[in-house]
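Hi,

Here is the structure I said I'd pass on.

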Amino acid sequence: MHEQIAANKRKTVLLIILAVVFTGLIGWLIGYLFFYGGTAGLVIAVGLALALSLGSYFFGDKIVLTSTGARKVTPEQEPRLHNVVEGLAIAAGVPKPEVYVVPEIAPNAFATGRDPDHSSIAVTQGLLQMMDRVELEGVIGHEMSHILDRDILIGTVVATVVGAAILLSEIFTRTWFWGGGRRSNNSGGGDAGILSLILFAVGIFLLILAPLAGQLIKLSVSRNREYLADAEGVLLTRYPPGLISALQKIAGAPHAMRAANNATAHLWLEQPSRVPGDDTSTLERLFSTHPPIQDRIKRLQEM
Amino acid sequence: MTAAGWIVIAVVVLLVLWTIWAFNRLVKYRNRADEGWAQIDVQLRRRYDLIPNLVKTVEGYAAHERETFEEVTAARSRAENAQGVAGQADAENAVSSGLRQLLAVAENYPDLKANANFLALQEELTGTESKIAYARQYYNDQVRLLNTAIQSFPSNVLANTFHFAPREFFDIEDAVRAPVQVEFEGQ
């Protein structure tokens with residue numbers, strides 16, 4: 001577990017450096033296109049990179065919570081959920097995370113934050129309605145393990161960075177269509193035409209690369225962690241049948257999630273975009289952020 | 001300096017480093033055990049606070065079950081004044097059995113079971129019971145780590161020198177928690 005925490009910290013640092021370089025490059029290109037290069041490009045580059053790295057560290061959890069539509073709930077509104085979260089925080093020896101509910105029918109949950117002192121757990125409305133207390137404890141135990149292992153920090157940073165990368169690559173290609181195109185008309189020279197073409201190529205490259213890179217990064221941070229969080233969560237509740245039964249209910253639930261998107265898929269308890277009942281196709285396995293739910297159930301049953 | 005001299009220095013440095021590490025580890029476990037006990041105390045107090053409300057609500061529907069009410073109230077005040085880990089555990093077991101009887105009484109009154117106030121109290125009690133169980137689990141885990149460090153060689157030398165005392169485990173029955181706890185090997 002301590003190796004896991006150390007590995008997570010290393011990966012987070014590496015990821016932030018990569019993100020800084022990536023956004024710096026894009027910022028410089030935008031500056032070059034709009035403000036004719038030089039100092040302006042550099043300023044934009046540094047500004048963007050700083051904003052993204054500091055933003056994803058300090059406000060990543062708020063960004064993720066907002067993007068999923070999660071609302072904070074009080075103990076009076078959701079006494080059972082609050083009691084279960086507090087109980088498992090006691091079991092894990094960490095402060096009680098903030099408690100959120102996502103207005104979705106599909107049963108699912110995620111944890112986000114920076115460290116155990118700044119963490120939040122969000123569950124969907126559907127999960128609350130569908131699960132009994134023991135199943136809810138299983139789910140919250142799984143999320144509490146993500147908090148303990150610092151999976152939440154890297155997961156949240158990945159979500160913010162991937163989200164920003166997708167956004168930036170879109171801005172960039174649009175920039176070319178408008179700004180870049182106009183610029184080559186203005187100067188009219190052959191050099192500018194070639195430059196514009198190169199920028200277009202880079203733009204296309206980034207457009208393809210950003211989501212793909214995001215996907216690869218997400219794969220590297222998810223999958224095995226889910227098995228681990230299942231196992232550790234059960235160590236907290238000391239009751240595997242609770243989580244098993246919760247996962248079975250999730251596998252059988254007929255609803256897909258509305259709030260599902262590429263940037264946050266890896267954070268959820270179970271992959272939100274999955275079509276119910278179909279988790280055996282090779283292509284899906286390749287691009288899954290989560291292991292097949294039946295495998296997770298099987299491993300828990302063997303404990 | 002000779003090779004032997006360097007070796008002596010290296011051994012001394014390693015010994016000092018180990019002592020610092022082992023001492024800090026003992027302090028960490030002791031503090032966590034204290035934290036765990038404080039958390040148990042918080043949750044037990046919540047349970048004491050719930051009992052009068054629960055008794056009052058059930059009384060409204062089943063006034064003649066006076067014996068049950070008196071028993072749980074008496075157990076509660078004994079528990080509040082209990083001394084030591086084992087004494088506290090005995091007193092809490094009496095509270096748990098009193099609460100079980102109180103809930104068994106409530107089972108016979110469908111109107112009571114539908115009462116919103118009673119349902120809220122029942123959720124609070126279930127929540128508190130499971131928090132007591134989780135606090136106990138955390139405390140016992142930390143006590144196990146502390147006691148192992150105090151008893152095993154070579155950290156026992158350090159523990160004896162600085163008077164680290166082993167702690168008692170805290171074992172009580174749950175009043176309402178339904179599922180049977182599964183014990184893990186080596187946990």
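Below is what turned up, starting with confidence and moving on to backbone details and a helix pair.

A bit of housekeeping: residues are numbered from 1 along each chain as its sequence is written, while chains are lettered from A and ligands numbered from 1 in the order in which they are written. This is a predicted model, where local features need pLDDT of at least 70, side-chain atom pairs count only at pLDDT 80 or more, and totals for chains, interfaces and linings use all residues.

On confidence, pLDDT is the predictor's confidence in each residue, from 0 to 100. Chain A has a mean of 78, with 69% of its residues at 70 or more. Where pLDDT is low, the predicted coordinates should not be read in detail.

Now the backbone. Most residues other than glycine have a negative phi, and most peptide bonds are trans. Against that, Arg150(A) has a positive phi near 65°, and sits in the loop between α6 (133-148) and α7 (151-187) of chain A. Arg238(A), with phi near 55°, is in the loop between α9 (224-237) and α10 (240-252) of chain A. Buried or exposed, Arg150(A)? Arg150(A) counts as buried because it has 22 C-beta neighbours inside 10 Å (buried is 20 or more other C-beta atoms within 10 Å, exposed 12 or fewer, partly exposed in between, with C-beta atoms placed from the backbone). Arg238(A) counts as buried too, with 20.

In chain B, the peptide bond between Phe153(B) and Pro154(B) is cis, with omega about 5°. Pro154(B) lies in the loop between α5 (116-151) and α6 (155-161) of chain B.

Last, the helix pair: α10(A) meets α12(A), and the residues involved include Leu243(A) and Leu247(A) on α10(A), and Ile297(A) and Leu300(A) on α12(A).

Cheers

Key:
Helix = DSSP H or I, 4+ residues; strand = E, 2+ residues; numbered from the N terminus. Contact = placed C-beta atoms within 7 Å.
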